[in-house]
Amino acid sequence: MGMTKGEVELELELERMRVATCIVGSGPAAHTAAIYTARAELKPTLFEGWMANGISPGGQLTTTTDVENFPGFPQGIMGIELTEKLKEQSLRFGTRIFTETVLRLDLSVKPFRLYTDTKQVDADTVIIATGAVAKRLDFPGAGEGEEGLWNKGISACAVCDGAAPIFRNRALAVIGGGDSAMEEANFLSKYGSKVYIIHRRDVFRASKIMQKRALDNPKIEVIWNTDVLKAFGNERGLLSGLNLRNTVTREVSVLEVSGLFFAIGHEPATKFLEGQVELDSDGYIVTKPGTTQTSIPGVFAAGDVQDKKWRQAITAAGTGCMAALEAEHFLQEREV
């Protein structure tokens, strides 16, 4: 990759590091990869980022409250606490962690080269575990903080949060019209008394089979041609309803629900790669089936950045393990 004069001058000022394995990310995939590579004495360096993609180090887990489906925590654990434990375990085995964001990399050279604001890192292997961010709608009441109801009845992961006590036997709503929305609505119907699918058009983009499953479910009702204007809460500070507006008639109405789930897609954090590894049509890294190998030997991808289907902390951790073992084998085979 060619560099401008300014980039060359900046590179001369950067602290230089030489490592066997560099991990980019801060969630379960990244830290599992760090734990395994550190125990293999590869002395990994991990860049956890600083508000990368608008999220604190720790990734998507930092945006959720109770995590009840991660093995080993029978009473559940707060998302932020789980990320802290993952980081603590990475550090225990000797991982060097920097709270800096990898801004760009060059995968056309060997060793691979990664850049932050202050460092240039030359790495024999790279594990990309930058995750994917759930898309969220921005309307009054949907955000975080005192006025927002995020994690107080509003979520972007039904599988993660749908079984929580605050949603059981309550009316729930899903926003979206694709396969994810259909799947999440069906999942939530196991717990909620009623599930509404709110869609701003009069036709779904979901596959026919997924549409049929949702439309045939007696606990699911579709609210067509509708936008959400506002979310409001009760005296306990939890979501209690939505203000809706019909996109055709402009009529405004109120829908009482205790849960709202965004199912409008995810955006993988791959822009910084600048197309140097193969991506699919949605921007996810393409890996060889059954592996974490990317289109470039020595570069591996783990977690949600390469997983558009499951997107769970435990599956991310599993692929982090795979990436670490594959990186170790890659280095052994080349005697690096």
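Author: Within β17, L260 is the bridge partner of I154. That residue belongs to strand β10 (residues 154-155), which runs parallel to β17 and is joined to β17 by 2 bridges; strands pair if DSSP finds at least two bridges between them. Strands (E, at least two residues) and helices (H or I, at least four) are DSSP runs, numbered from the N terminus. The model is predicted: local features need pLDDT of at least 70 and side-chain atom pairs count only at pLDDT 80 or more, whereas totals for chains, interfaces and linings use all residues. Residues are numbered from 1 along each chain as its sequence is written, and side-chain values use heavy atoms, with hydrogens and water left out.

Strand β11 (residues 171-175) also runs parallel to β17, and 4 bridges join the two. Here I175 stands opposite F262 of β17. Strand β17 (residues 259-262) is covered on both faces: G259 and F261 on one side, and L260 and F262 on the other, are all buried (under 20% relative accessible area, 1.4 Å probe, protein chains only).

Strand β10 also contributes to the second largest pocket: β10 and α4 (158-161) are the elements that give two or more residues to its lining. The largest share, 3 residues, comes from α4. In total 19 residues line this pocket, and T65, D66, D161, A164 and F167 lie nearest its centre. A pocket is an open set of points on a 1 Å grid over the protein atoms alone, where a 1.4 Å probe fits, with protein on both sides within 12 Å along at least five of seven lines; lining residues have an atom within 4 Å of a point.

Methods
Buried means under 20% relative accessible area, exposed over 50%, partly exposed in between (1.4 Å probe, protein chains only).
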